[in-house]
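User: I'm new to reading protein models. Could we go through this one together, one question at a time?

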Amino acid sequence: TLLYAISGGVFYQDELSLITKPQHQQIASLQTCIRTDGWDKIGISGRHHFCFSMVGHFLLYGHNAQNTKEMAINSAWELLTNICTINPNVITSNVHPKDLLSQSIWKNLGVNFSLDDSVIHKDYLDPSLTGYRTEILVGGKELWNIVFTENHATTQMQTIAMDSGMSYDRLLNVIENVPVSYENSNWRKYFEEVITNAGISDR
């Protein structure tokens, strides 16, 4: 029944909502998504696009809150700093004031974080499933969003879910140190092709 994907997480919404038992508890993905909000920013901000590739990492109720949050945050940190070699000093995060576990993990990594009571999560298929989010920012701009589903009604679940994702273009912008996506190598090849085929000499 899915017409198009608005995020990487929609493919696993039934599993995240506890409607379907997951075939795999841990999943990584790269999915093309279509934007359904922030249309006024498309083509203007240089960071918002109608179609975009979303890097996803999902952990579907396989571990308790401590292990799940450690896996989510530490794997994101390792990818950004060790594999993509992004300067750790430019990375900060937003954390909910009541999410003490995530605060502790970021503190142990030496990452500065801001307390933000807006980073909450409510499952749209089952509003009784709730949790917190933590955002990873580079240079003050959001790069990565990690969503935890950890409460059923008012009860903390023994095993929780994690939906972690970021825009591939935004990551590429940071790695290549360009301010907008249209200047990164993923987009420049298309501009170069148009310029060449159109015979444009004055750029």
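Below is a set of questions and answers about this predicted model.

User: Let's start inside. Which residues of the largest nonpolar core touch the most other members?

Analyst: This is a predicted model, so keep in mind that we're reading computed values. The largest nonpolar core has 24 residues. Those that touch the most other members are L80, I136, W144 and I146.

User: And which helix gives the most residues to this core?

Analyst: Several elements each supply at least two residues, including helix 3 (100-109), strand 6 (129-138) and strand 7 (141-152). Helix 2 (65-83) is on that list too. With six residues, the one that gives the most is helix 2.

User: What does W144 touch, leaving out residues up to four places away in sequence?

Analyst: W144 is one of the core residues that touch the most other members. Its contacts include A76, L79 and L80, along with T134, E135 and I136.

User: Why do the buried residues of helix 2 line one face?

Analyst: The buried residues are A65, T68, K69, A72, I73, A76, W77, L80 and T81. An α-helix has 3.6 residues a turn, so residues three or four places apart point the same way. Looking down the axis of helix 2, the buried residues line one face because they fall within an arc of 160°.

User: Which exposed residues sit on the face of helix 2 turned away from its buried side?

Analyst: To count as exposed, a residue needs a relative accessible area over 50%. On the face of helix 2 turned away from the buried side, the exposed residues are N82 and I83.

User: D99 is in a loop, so is D99 buried or exposed?

Analyst: D99 sits in the loop between strand 3 and helix 3. Its relative accessibility is 2%, and the cut-off for this label is under 20%. That makes D99 buried.

User: Which side chain makes a polar contact with the side chain of D99?

Analyst: Leaving out residues up to four places away in sequence, D99 touches K69, Y132 and F148. The polar contact is at 2.6 Å, and the partner is K69.

User: Moving on to helix 3, which of its residues are exposed on the face turned away from its buried side?

Analyst: First, the buried ones: S102, Q103, I105 and W106. They cover an arc of only 165° around the axis, so they're on the same side of helix 3. Those buried residues pack against helix 2, strand 3, strand 4 (113-115), strand 6 and strand 7. On the face turned away, the exposed residues are L100, K107 and N108.

User: Which residue caps the N-terminal end of helix 4?

Analyst: Helix 4 covers residues 168-176, and its buried residues are D169, R170, L171, L172 and N173. What covers them includes helix 2, strand 7, strand 8 and helix 5 (185-198). At the N-terminal end, a side-chain oxygen lies 3.3 Å from the backbone nitrogen of D169, and the residue it belongs to is S167.

User: What is the C-alpha separation of N186 and D169?

Analyst: N186 is found in helix 5, and its side chain makes a polar contact of 3.2 Å with the side chain of D169. Along the chain, N186 and D169 are 17 residues apart. Their C-alpha atoms are separated by 7.5 Å.

User: Last one: what sort of aromatic pair do Y182 and W187 form?

Analyst: A pair of aromatic rings is described by the distance of the centres and the angle of the planes. Here the rings are 4.9 Å apart centre to centre, with 85° between the planes. Ring pairs also link Y182 and W187 with F191 into a cluster. Planes over 60 degrees apart get one particular label, and for Y182 and W187 that label is edge-to-face.

How values were computed:
Residues are numbered from 1 along each chain as its sequence is written. This is a predicted model: local features need pLDDT of at least 70, side-chain atom pairs count only at pLDDT 80 or more; totals for chains, interfaces and linings use all residues. Side-chain values use heavy atoms; hydrogens and water are left out. A nonpolar core is a set of buried Ala, Val, Leu, Ile, Met, Phe, Trp, Tyr and Cys residues joined through side-chain atoms within 4.5 Å. Buried means under 20% relative accessible area, exposed over 50%, partly exposed in between (1.4 Å probe, protein chains only). Helices (H or I, at least four residues) and strands (E, at least two) are DSSP runs, numbered from the N terminus. Contact means heavy atoms within 4.5 Å. The arc is that of the directions from the helix axis to the C-beta atoms. Rings of Phe, Tyr and Trp (its six-membered ring) pair if their centres lie within 6.5 Å; planes under 30 degrees apart count as stacked, over 60 as edge-to-face and the rest as tilted. A polar contact is a pair of N or O atoms within 3.5 Å; within protein, one must be able to donate a hydrogen and the other to accept it, and residues adjacent in sequence count only if both atoms are side-chain atoms.
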